[in-house]
Amino acid sequence: MNTLTGESQMQRIIRRTGRKPIQCKCKACQQQCHTPCLGTPQDILRLIKAGYADRLAPTEWWAGMVMGCTDHPVMMVQAIADGDWCTFFHDGLCELHEKGLKPTEGKLSHHSMKVDNWTPRKSISWNVAKEWESEGNASVIEEILEEMSKRNNE
Ligand code: SF4
């Protein structure tokens, strides 16, 4: 929550992307789960606290450079892929959905998104990725890194 504006992280991303949370189980939406959707630092910390740390990994997000939004890869921790699909995708469903733990990109993404009304800076992926570089999220990111490093030392 931004203390000045009273706007939550999800409200901010909804405002910037123009997307709203939506649920759809159609084949086109399922295809999006080949690549794990992006979570904000807060999404990822929730997953760690729910016991899913072993299905997450540090990653460098290069897509922002390809889209022309940034000049460097964004460092983050995200869900891993397991074979051809996201580790949380089973029999056409997201394991995290019913638990309320689906990452923000997965919550907002829908097959109706069209190339003709898409701009890189308004994309869900860029607006979620940016959260990993926000000063306001530094303490959450630090906690994630501590938790991941504890796990690596176990
Ligand atoms: S976390 Fe869920 S919605 Fe996101 S890619 Fe994986 S299975 Fe799909």
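Student: What makes S8 count as exposed?

Tutor: This is a predicted model, in which local features need pLDDT of at least 70, side-chain atom pairs count only at pLDDT 80 or more, and totals for chains, interfaces and linings use all residues. Residues are numbered from 1 along each chain as its sequence is written. A residue is buried if 20 or more other C-beta atoms, placed from the backbone, lie within 10 Å of its own, exposed if 12 or fewer, and partly exposed in between; S8 has 12 C-beta neighbours inside 10 Å and therefore counts as exposed. S8 lies in the segment before α1 (9–17), where helices (H or I, at least four residues) and strands (E, at least two) are DSSP runs numbered from the N terminus.

Student: Why is strand β2 called largely enclosed?

Tutor: Of the 6 residues of β2 (residues 74–79), 5 are buried, so the rest of the structure largely encloses this strand.

Student: How do you know that β1 and β2 pair?

Tutor: Two strands pair if DSSP finds at least two bridges between them, and 6 bridges join β1 (residues 56–61) to β2 in an antiparallel arrangement.

Student: What makes A79 a contact of F88?

Tutor: Contact requires C-beta atoms, placed from the backbone, within 7 Å; leaving aside neighbours within four places in sequence, F88 is in contact with A79, C94, E95 and L96.

How values were computed
Contact = placed C-beta atoms within 7 Å.
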